[in-house]
Amino acid sequence: MNLSTASGFRRCKEVGVRKVLGADKQNLMRQFMLEGVLLTYISLGIALGIVLLALPLFNQISGKEIEIQKLDAFKIIPFLLTFGLVVGLFSSSYPALYLSSFNPLRVLKGKISRSTKGLNLRSGLVVFQFIISVGLIFGTVVVVQQLDYMRHIKLGYNKDNVLIIPSWPLGKNEKTYYNLLMQDSRIKHVSHSSYLPAGESNNNNFFIYPDGNTDQWVKTIRYDIDEEYIPVMGMQLKEGRNFAKTFGNDSLSVIINETAAKDLGWNNHSLGKILTNKDNKSYRVIGVVKDFHFRSLHEQISPLVMVLSDQAGSLILKTQTADMEKLIQKLASLYRSFPTDIPFSYSFLDDRYAQTYQAEVKTGKLLSIFAGLTIFVACLGLFGLAIFTANQRRKEIGIRKVVGATVPDITRMLSSEFVKLVLIAIIISSPLAWWMMHKWLENFAYRIEMQWWMFVLAGALAVFIALITVSSQAIRAALTKPVDSLRDE
C-alpha cells in the first residue's frame with residue numbers, strides 16, 4: 001500500500017488526463033486493482049520458487065521433513081489462488097481509491113492536496129509493521145540470552161571429555177573390554193552405568209520411606225551406579241563418602257542428593273539415616289552429593305537416590321587427551337576384537353546435553369530469520385512512506401531552503417517524523433513482547449530474567465534500521481534545488 005501510493009505521484013498526470021478524456025473513478029479503480037492482483041500473482045509465483053529452493057535449508061534448521069510432493073495439490077492450488085486474489089485486492093484497494101480520487105484540474109496544475117486521513121493510514125501501517133519487528137528483535141535477544149545461560153549454567157557435573165560407549169553388545173566380554181580400557185593412560189576413569197544426566201538415559205522411579213516410617217513416602221529417581229561414576233562425572237560430595245570396594249556392605253548403602261535430603265527433612269544430618277523401599281529393603285545413607293541437573297533445565301531438580309550396582313549397559317569414560325580421534329580408533333579396534341554383530345558406536349556427554357536443547361536452538365535460528373524478513377518488509381513500507389512524504393512536502397522543503405535551512409536541518413526534520421512512528425511502535429510492542437517472552441520462559445525452571453537493556457537494544461536497532469531506511473530519501477529531498485521544487489508547470 002505504501003509503495004503503491006508513493007509511486008502514485010508518477011502517475012498522477014496520467015490519471016488527470018484519463019479523467020479529462022472521460023474515464024470515471026470506477027474504471028480507474030478496476031485498472032489499479034487489476035494491476036495489484038497481477039503483481040501479487042507474479043510475487044506468488046516467485047515465492048513458490050523460493051520455497052522450493054529454500055525448503056531443504058528450512059527443514060535442516062527447523063528439524064522438519066516437509067516435502068512439496070506430500071502436499072495435496074487439489075487443496076493447495078485453489079487455496080493459493082484464492083489467497084493471492086484476496087491479498088491482491090486488499091493491498092491494492094486503498095492505492096486504487098487514492099489514485100482514482102485525484103481532481104484532474106489540480107493534478108494537471110501540479111497541485112495535489114495532502115490527505116491527513118490517508119497519511120494516518122499509511123503511518124499506521126508502518127507502526128503496525130514495526131510493532132511486529134521490534135517484538136521479533138526482542139524475542140530473538142531473549143532466546144539467545146536463554147541459550148547462552150543454559151550453555152554456561154553450573155550443572156553440578158563436568159560434561160567435557162566424557163565419552164559414552166554402549167557395551168551391552170559385548171555380553172560376557174564386557175568386563176574384559178573394561179580392563180583393557182583401564183590400561184590406557186589417556187583414560188582417567190571408567191564407570192559402568194546406563195544412567196546419564198543428559199540425553200536419553202535409563203530413568204527409574206524409586207519410592208522410599210524415611211526411617212522406616214511407612215506413613216510418609218517420597219518419590220525419587222533411582223540411579224544404579226558404581227564406585228567410579230561420581231569421579232567420572234566430576235560431581236562433588238557435600239558430606240559423607242563415595243561408594244568404595246573396601247567397604248563390603250555398600251550394596252545396602254545409598255548416596256542421595258541435596259534435594260532428597262531436604263525433602264526428607266534431614267538437611268545437614270543425613271549420614272547414617274535409614275531408607276526403606278516398598279519391598280522393605282533398607283539402605284543406609286553414606287553420602288550426600290551436591291545437586292546436579294540430571295534432567296532438562298525445563299524441570300526443577302528432583303530427589304535422587306544413587307544405589308551401588310554392577311548393572312552394565314554402557315561404559316562412561318573420563319578422558320585426558322588432545323587427540324580424541326586416535327583414542328576412539330583404539331577403542332573401536334579393541335571393541336571389534338570381540339565377537340559381536342552390533343557395530344561400535346560412541347557419543348559425547350556434551351553433545352547429548354546440546355541435543356537436549358535442539359528445539360530452543362532451532363527456535364532462536366528461526367526467530368532470527370523471521371525477524372530479518374519482517375524488518376525488511378517493514379523497511380519497504382517505511383521507505384514508501386518516506387518517498388510519499390518527501391513528494392508531498394517538496395515545496396515546503398524548497399521554501400525552507402530559500403529562507404536559510406541547511407541540508408542537515410531538512411534531513412533531521414524529515415527523519416524525526418519517522419523516528420516518532422518507530423518510537424510509537426516500540427512503546428506498543430514492548431509490553432506485548434515482554435508478555436509473550438515471559439510465557440516462553442515459563443517453560444524453563446531455570447531461566448534468565450528479562451532486563452531493561454534488552455528492550456533498549458531492540459528499540460535502538462529498530463530506530464537505527466529506520467534511520468538508515470529513510471535517510472537516503474530525506475537527504476535526496478534536502479539536496480533538491482529550491483527552483484525545481486517551487487516552479488509551477
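Reader: What conventions apply to numbering, confidence and atoms?
Author: Residues are numbered from 1 along each chain as its sequence is written, and side-chain values use heavy atoms, with hydrogens and water left out. Because the model is predicted, local features need pLDDT of at least 70 and side-chain atom pairs count only at pLDDT 80 or more, while totals for chains, interfaces and linings use all residues.

Reader: How many helices and strands are in the chain?
Author: Both are DSSP runs numbered from the N terminus, helices being H or I of at least four residues and strands E of at least two. By that assignment the chain has 16 helices and eleven strands.

Reader: What share of the residues in the chain is buried?
Author: Buried means under 20% relative accessible area, exposed over 50%, and partly exposed in between (1.4 Å probe, protein chains only). Of the 489 residues in the chain, the buried share is 44%.

Reader: At what angle do the axes of α13 and α14 cross?
Author: Axes are lines fitted to C-alpha atoms, for helices over the stretch in contact, and angles run from 0 to 180 degrees between N-to-C directions. Helix α13 spans residues 394-402 and helix α14 residues 407-441. Their axes come within 10 Å, and the crossing angle is roughly 145°.

Reader: Which residues of α14 make the contact with α13?
Author: Contact means heavy atoms within 4.5 Å. On the α13 side the contact is made by Glu-396, Ile-397, Arg-400 and Lys-401. On the α14 side the residues are Ile-410, Met-413 and Leu-414.

Reader: Is Ser-253 buried or exposed?
Author: Ser-253 lies in strand β6, residues 253-257. Not counting residues up to four places away in sequence, Ser-253 touches Phe-243, Tyr-283, Arg-284, Ile-286, Met-306, Val-307 and Leu-308. Because its relative accessibility is 1%, Ser-253 counts as buried.

Reader: Which parts of the chain does the pair of Asp-184 and Lys-330 tie together?
Author: Asp-184 forms a salt bridge with Lys-330, with the closest N and O atoms 3.9 Å apart. The two parts are 146 residues apart in sequence, so the pair ties together the loop between α7 (174-182) and β2 (187-192), where Asp-184 lies, and helix α10 (residues 324-336).

Reader: Which residues are linked with Asp-184 in a network of salt bridges?
Author: Asp-184 is buried at a relative accessible area of 11%, whereas Lys-330 is partly exposed at 38%. The residues linked with Asp-184 in the network are Arg-186 and Lys-330.

Reader: What separates Asp-409 and Arg-412 along helix α14?
Author: Asp-409 and Arg-412 form a salt bridge, their closest N and O atoms being 2.7 Å apart. Asp-409 is partly exposed at 33%, and Arg-412 is exposed at 52%. Because they are three residues apart in helix α14, the separation is about one helical turn.

Terms used:
A salt bridge is a side-chain nitrogen of Lys or Arg within 4 Å of a carboxyl oxygen of Asp or Glu.
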